[in-house]
Amino acid sequence: MIKISKEIYSEAVDWLMRMQEAELSDTDQLQFEQWKNLSSEHHYVWQKTLEMSKLIEQIPSDITQPILKNMDQYQAKDKKNLYLGSTFTFIFIFIIYFMYPYSPWYADYQTDAIKQKTIQLPDGGMLTLNNSSAIDVNYSNDLRKIVIKRGDIWIKTHHDVMNRPFIVESSHGTVQALGTEYYISQRNENTLTAVDVGAIKVTPEQSAQTLILNKSQQVIFNSQHIFNAMPIQPSSFAWKSGFIMADNITLKALMNDLQPYKKGLVYLSDDVKNIKVSGNFPTQNLQQTYQMISNTYHVNVDEFLNGYIIKIKKNKKN
């Protein structure tokens, strides 16, 4: 997998903006050609940036206008240049996070928004990564460690002939297996873990607090605290079967839950964000999910840029 730094993306957009604002001088043109030919990655990113500059015109104005209004990084001299600066800043963000098949994190194993992946661990255990997830696998003579860098994983541990502890490390602490099948979801603010078989030991990164979590229990913890354990929620494991279970949540919340399974952006008009939705929504077939939402809640779901932009608004006929 090619690893491309964000600096190259940023430099490509800077060059494109300069070309849009004025014709390059001979000296600038020479510098641009030198930059483009620095590596195959530079050349690749430049070609993709040109493609995006054409595709961006397809995005509806009611999506781009709020973005343009709120972006003030570029203080242009007139309205035309303000539009160009803001638009291509948006292109830059869009390219980095959604258009490219290169993850912004680098890991031993990772998945994109399209599908899950199951791997066999060196000791014979099994691990399933949800969509948009990433892990490192570090096995030594003394320890078996999985570092979860993003997303959700399901683990079925296996007896180790060397009797090494099996630990999963998130950004908020560690979870040690005590002969088990369990689930871990790393979020920005906390980590959720749930036990299907056996038990686990939870330890926050910055606390002496520990908790033994048993079968059919789940708990949320952050780097400083373990919250109260509670009975396992079926929705915790629904992703493994390819669904999100929604029970009277807002459409905005559902779209947030679907983010790991989407390859781009979803724009919700204000009059649909708080519509309450319930049901089992497929994560591996978003076309079906969008159709369910459209038919059940009387909204229009429109796609742009081959599905990289989704716009959901009220159906005015209802």
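In this predicted model, the largest nonpolar core comprises 25 residues. Within this core, the residues with the most contacts are Leu-251, Leu-254, Met-255, Ile-293 and Ile-312. At least two core residues come from each of strand S9 (191-197), strand S14 (243-250), helix H7 (251-257), strand S16 (276-282), helix H8 and strand S18 (309-314). The most is given by H8, which supplies four residues. In soluble globular proteins, nonpolar side chains tend to be buried together.

When residues up to four places away in sequence are not counted, Ile-293 touches Leu-251, Leu-254, Met-255, Phe-281, His-298 and Val-299.

His-298, one of the residues touched by Ile-293, is placed in the loop between helix H8 (286-297) and strand S17 (299-304). The phi angle of His-298 is near 55°, a positive value in a residue other than glycine. His-298 has a relative accessible area of 40% and is therefore classed as partly exposed, since this value falls between the limits of 20% and 50%.

A positive phi is also found at Ser-132, where the angle is near 55° and the residue is again not glycine. Ser-132 belongs to the loop between strand S3 (126-129) and strand S4 (134-139). The relative accessible area of Ser-132 is 12%; because this is under 20%, Ser-132 counts as buried.

Notes. Residues are numbered from 1 along each chain as its sequence is written. This is a predicted model: local features need pLDDT of at least 70, side-chain atom pairs count only at pLDDT 80 or more; totals for chains, interfaces and linings use all residues. Side-chain values use heavy atoms; hydrogens and water are left out. Buried means under 20% relative accessible area, exposed over 50%, partly exposed in between (1.4 Å probe, protein chains only). A nonpolar core is a set of buried Ala, Val, Leu, Ile, Met, Phe, Trp, Tyr and Cys residues joined through side-chain atoms within 4.5 Å. Contact means heavy atoms within 4.5 Å.
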